[in-house]
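Open your viewer and get ready to click around. We'll go stop by stop, with something to select at each one.

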Amino acid sequence: MRQENVIPSLRELCGPHDPELARTARPKSLRAVFGQDKAKNGVHCTDLVEDGILEVEYFFNILQKKWMILPICDIFECNNKHAKTTIS
């Protein structure tokens, strides 16, 4: 997702943390559709802007180790030709 004011848009797409509340307040949100309960709510969306970078690095480090994808820098801004490239 790339746009101005992306954080509020992403939070709206995810919906309220509690899937039961999401089904009432935002029935088309990801949590309303896929969430089971507060622990298995369908999607992770950080609450704090400051945590966003830390969480992206954390999850991409896990993916990099599991599927041997290129470092996040190579995939995104540093060298666009590597986008979606994996190492076999």
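Where is the place of Arg 31? Select Arg 31 and you'll land in helix α3, which covers residues 30–34. Helices here are DSSP runs of H or I with at least four residues, while strands are runs of E with at least two, all numbered from the N terminus.

Before going further, a word on what you're looking at. This is a predicted model, so local features are given at pLDDT of at least 70 and side-chain atom pairs only at pLDDT 80 or more, while totals for chains, interfaces and linings use all residues. Residues are numbered from 1 along each chain as its sequence is written, and side-chain values use heavy atoms, with hydrogens and water left out.

**The whole view**

Zoom out and colour by secondary structure. You'll find 5 helices and 0 strands, in the order α-α-α-α-α along the sequence. Switch to a surface: the protein exposes about 7100 Å², and carbon and sulfur atoms supply 58% of that area. Accessible areas come from the Shrake-Rupley method with a 1.4 Å probe, and for residues only the protein chains shown count as cover. Of the 88 residues, 17% are buried. Buried means under 20% relative accessible area, exposed means over 50%, and partly exposed is in between (1.4 Å probe, protein chains only). As for contacts (heavy atoms within 4.5 Å), take those between residues at least 6 apart in sequence: 14% of them join residues at least 24 apart.

**Stop 1: Arg 31**

Is Arg 31 buried or exposed? Arg 31 has a relative accessible area of 6%, so it counts as buried. Now show its side chain and look for polar contacts. Those are pairs of N or O atoms within 3.5 Å; within protein, one must be able to donate a hydrogen and the other to accept it, and residues adjacent in sequence count only if both atoms are side-chain atoms. The Arg 31 side chain reaches the backbone oxygen of Gly 15 at 2.8 Å, and it also reaches the backbone oxygen of Val 43 at 3.2 Å. Leaving out residues up to four places away in sequence, Arg 31 touches several others, including Cys 14, Pro 16, His 17, Asn 41 and Cys 45.

**Stop 2**

Cys 14 is buried at 2% relative accessible area, and Cys 45 is buried at 12%.

**Stop 2: Ser 29**

Next, select Ser 29 in the loop between α2 and α3. Ser 29 is buried, at 3% relative accessibility. Its side chain reaches the backbone oxygen of Arg 26 at 2.9 Å. Setting aside neighbours within four places in sequence, Ser 29 is in contact with Glu 12, Leu 13, Cys 14, Gly 15 and Ala 22.

**Stop 3: a charged pair**

Side chains of opposite charge can pair when their charged atoms come close. Select Arg 23 and Glu 20, whose side chains meet in a salt bridge at 2.9 Å, N to O. The rule asks for a side-chain nitrogen of Lys or Arg within 4 Å of a carboxyl oxygen of Asp or Glu, and the count comes to 1 salt bridge. Arg 23 and Glu 20 sit 3 residues apart in helix α2 (residues 19–25), so about one helical turn separates them. Arg 23 is partly exposed at 32%, while Glu 20 is exposed at 53%.

**Stop 5**

Most residues other than glycine have a negative phi. Now select Asn 5, in the segment before α1 (6–14). Asn 5 has a positive phi, near 50°, and is exposed with a relative accessible area of 62%.

**Last stop: Phe 59**

Phe 59 is partly exposed, at 41% relative accessibility.
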